[in-house]
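Dear colleague,

Please find below the structure that I promised to hand over. My notes on what was found in it follow directly after.

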Amino acid sequence: MSRALPKYNKRRVVILGGAAAVALSGAIIAGTALAGTPSKGNGGTDARTLAASPGTITCPDVASKLPAIPASAQAEVTRNLTLLQTQIDEANKRLVSTVGQGGPNFVNNAILGPLKDKRVATVNRIATAIGRTAAKPTGLDALAPCALNGAGAGGANNGNAAGNGNGNGNAGNAGNAGNAGNAGAGNNAGGNANAGGNAGAATGAGTITCPDVASKLPAIPASAQAEVTRNLTLLQTQIDEANKRLVSTVGQGGPNFVNNAILGPLADKRKSTVDRIATAIGRTSTKPTGLDSLAACTLTK
């Protein structure tokens, strides 16, 4: 015979049963939500991997394929070697910024194609500059097409080191030569130097100007081209750094501060650099003399 539960026992059963139902519903809802949510860690990692692995654009080396460059063409050739590197840098930046855009032919049509056209025009200017006073080099157009290296971040570093795609053969030297165009062009074209000068003028610090070295060089043997261009770059880098220091130290030191702390060390650095240029040329040709006279720079207000 069944016995009726006391009233307080009935309430306890009802309350416990309700709590269990609520807990079970919550577990079901939470399980459903988790099942539909992708792993945050995995999703983030995959996205980062894709974003960091667009590959890199590499191009054939131009500097190492040039014949001896007449002194009269040196400035224009160096300026256009710089431009080749700038074009590659811009293409690689666009490659990164457009990851996932377009269809399967996007990179070829929107990046590699236009880059090839720019390089054709640039190498033709190099050939024309040399051809004004020496035998015009042929076949440089074959160096215009570039390729996408899908090796990801590692490939990107190789591409940058390669300069104008100067990864062929002497990758280190050629790459440096490609990058060296930056300084050469800065010296001859006046781009970087003028930028530094404008910054100095804006702060009242003035600007440091130095004698041009590239235009004073004799014909450069092809075997010395990479090293000469690399050191022309270094000359420009030295001027840029000196102009930055000039701006950042305005008001410091006494009346001889600029001479002792900036112009003096700059002259020493330039002397070592022009000596290396002369030595490189002298290995296979007549060593130029008198380049030391181009080491000293001046402050222009």
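**A bend in helix 9, and what else was found**

Helix 9 has a kink of about 35 degrees at Leu263, which comes shortly before the proline Pro265, the bend at a residue being the angle between axes fitted to the seven residues ending there and the seven starting there. The model is a predicted one, in which local features need pLDDT of at least 70 and side-chain atom pairs count only at pLDDT 80 or more, while totals for chains, interfaces and linings use all residues. Residues are numbered from 1 along each chain as its sequence is written, and side-chain values use heavy atoms, with hydrogens and water left out.

Helix 9 covers residues 257–282, which makes 26 residues, and from its first C-alpha to its last it reaches 37 Å, close to the 38 Å expected at 1.5 Å a residue; the expected span is 1.5 Å times one less than the number of residues. In the protein chain as a whole there are nine helices and four strands, where helices (H or I, at least four residues) and strands (E, at least two) are DSSP runs numbered from the N terminus. Read from the N terminus on, the order of these elements is α-α-β-α-α-β-α-α-α-β-α-α-β.

**The disulfides**

How many disulfides does a search of the whole structure find? The search finds two, a disulfide being a pair of cysteine sulfur atoms within 2.5 Å. If the bonded cysteines are numbered in sequence order, the pairing is 1-2, 3-4.

Cys59 sits in the loop between strand 1 (56–58) and helix 3 (71–97), and Cys146 in the loop between helix 4 (106–131) and strand 2 (147–149), so the link ties together parts that are 87 residues apart in sequence. Cys59 is buried at a relative accessible area of 4%, and Cys146 is buried at 15% (buried means under 20% relative accessible area, exposed over 50%, and partly exposed in between, with a 1.4 Å probe and protein chains only). Of the 301 residues in the protein chain, 37% are buried.

Cys210 and Cys297 form a disulfide as well, their sulfur atoms being 2.0 Å apart. The torsion about the S-S bond of Cys210 and Cys297 is about 110 degrees, so this disulfide is right-handed. Cys210 counts as partly exposed, with 21% relative accessibility, whereas Cys297 is buried, with a relative accessible area of 10%. Cys297 lies in the loop between helix 9 and strand 4, and its C-alpha atom is separated by 6.9 Å from that of Pro211, which is 86 residues away along the chain.

**A pocket lined in part by helix 9**

The second largest pocket has a volume of about 160 Å³. Of the 14 residues that line this pocket, Leu246, Gly251, Val258, Leu299 and Lys301 are the closest to its centre. Helix 9 gives the most to the lining, with three residues. (A pocket is, on a 1 Å grid over the protein atoms alone, an open set of points where a 1.4 Å probe fits, with protein on both sides within 12 Å along at least five of seven lines, and lining residues have an atom within 4 Å of a point; a volume is the space filled by probe spheres set on the points, which are joined across faces, edges and corners.)

With kind regards
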